[in-house]
Amino acid sequence: MSEPVRVSGGVTDVAERAWRWWPIGLAVAVVTVVVGMVLTWETPRVFVSRATVFPPVSVANAVAGQRYINDMQAAINSFTVRDEVAGELGVPRSAFGDQVEVRRIRQSTVMDVIMQSPDELPDPSQALNTLIERAALSLAAPEVAAAEAQRTRADDAVAAAEDKAVAAKAARTAFLEERNAVTPASELESLTPELADLRLCASGAIVVPGSDPDTCQAEVARLQEQVTQLAQADDELAALDRELAQAESEVTEATRLLREAEAAAIRAEAGPTVEIAGAGEEVSQLPGLLRRGLAIVGGALLLGFAVIVAIALLAHPDRRPRSTEQPQRVMPS
């Protein structure tokens with residue numbers, strides 16, 4: 001069982017003994033400062049690039065803007081985007097820093113994108129711009145796909161409407177070609193005066209030279225049958241005209257929808273507007289070095305003081321063990 005050690009002397013005595021060991025404390029402090037400053041000086045350099053980003057026109061309000069900013073933060077720091085851009089530029093992924101920061105500027109939808117790179121990139125503005133564009137492209141991918149699908153459907157609708165219009169026009173043209181380009185209405189118009197005269201002749205109201213009422217009545221019946229046929233043909237032509245007009249109207253409407261789909265696709269494909277505010281500006285490490293240097297010096301002095309105090313305490317202790325036995329009484333004889 002170890003015996004308790006009792007250190008003699010008070011604080012003043014300890015201080016006097018510690019002062020004799022001040023060279024050791026100073027040496028410890030100096031070594032600590034040197035090692036700390038060497039490690040601090042090895043702090044990597046930082047190159048900052050900044051860009052002001054205006055979101056696409058589809059981001060119309062503050063709520064959508066905040067959601068877009070959050071999505072941009074996630075996309076621009078995703079492995080896929082960084083890997084693609086790094087491969088395109090021929091730089092390591094670590095060249096973009098640990099985290100590209102996306103900040104909202106006040107309450108607007110405009111954002112500030114900050115990239116802190118440990119490496120001096122050949123073209124930091126291109127690197128930051130490419131990162132933002134690729135991230136925006138990944139965010140717009142679903143909307144672009146939907147817009148492209150809508151444009152394809154609208155294009156198919158235009159083609160179908162145009163085919164229908166061509167067929168309707170061809171049917172009307174074929175109908176007129178069979179009648180030598182004379183419409184039934186024109187033929188009816190030319191028969192109307194003759195039919196009126198024949199009816200008057202059949203009723204005996206007038207006398208037609210070389211004819212009689214019975215002959216006129218037979219001729220009226222013949223012409224009346226021809227008029228019925230012409231009326232039916234005129235109805236058929238009117239139906240062809242309606243089909244052609246409907247087909248042309250469908251072409252107009254399908255064309256309008258196609259233009260809207262194309263405009264939506266253009267809006268979906270349009271990324272944010274990027275303005276580079278600073279490219280590869282090296283951040284001064286002096287303020288940080290000074291703060292860390294002061295902390296190292298203070299810590300080194302405390303460590304040196306602790307060392308010499310410990311030496312002083314251990315160098316001259318009173319190692320006499322404390323007696324734990326009761327003194328024996330001697331009985332007088």
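**Close-up views of a predicted model**

View 1. Phe 54 counts as partly exposed because its relative accessibility is 30%, where partly exposed lies between buried (under 20% relative accessible area) and exposed (over 50%), with a 1.4 Å probe and protein chains only. The model is predicted, so local features need pLDDT of at least 70 and side-chain atom pairs count only at pLDDT 80 or more, whereas totals for chains, interfaces and linings use all residues. Residues are numbered from 1 along each chain as its sequence is written, and side-chain values use heavy atoms, without hydrogens and water. Phe 54 belongs to strand S1; strands (E, at least two residues) and helices (H or I, at least four) are DSSP runs numbered from the N terminus. Val 110 is 56 residues from Phe 54 in sequence, yet the C-alpha atoms are 5.0 Å apart. Leaving aside residues up to four places away in sequence, Phe 54 touches Val 110, Pro 272, Thr 273 and Glu 275, a contact being heavy atoms within 4.5 Å.

**View 2. Strand S3 and its two partners.** S1 and S3 run antiparallel and are joined by 7 bridges, pairing being assigned if DSSP finds at least two bridges between two strands. Arg 50 stands opposite Ile 114 in S3. Strand S2 (residues 101–104) also pairs with S3 in the antiparallel sense, over 4 bridges, and Arg 103 faces Asp 112 of S3. A hairpin is formed by S2 and S3 with 6 residues between them, and Arg 106 in the turn has a positive phi of about 50 degrees. S3 is largely enclosed by the rest of the structure, because 6 of its 7 residues are buried.

**View 3. The largest nonpolar core.** This core has 27 residues, and Met 72, Ile 76, Phe 96, Met 111, Val 113, Leu 131 and Ile 132 have the most contacts inside it. A nonpolar core is a set of buried Ala, Val, Leu, Ile, Met, Phe, Trp, Tyr and Cys residues joined through side-chain atoms within 4.5 Å. At least two core residues come from each of S1 (47–54), helix H3 (62–76), H4, S3 (111–117) and helix H5 (124–178).

**View 4. Arg 82 in helix H4.** Arg 82 lies in H4 (residues 79–89). The side chain of Arg 82 makes a polar contact with that of Asn 77 at 3.1 Å. Among the residues that Arg 82 touches are Ile 76, Phe 96 and Leu 131.

Notes: Polar contact = N/O pair within 3.5 Å; in protein donor to acceptor, adjacent residues only side chain to side chain.
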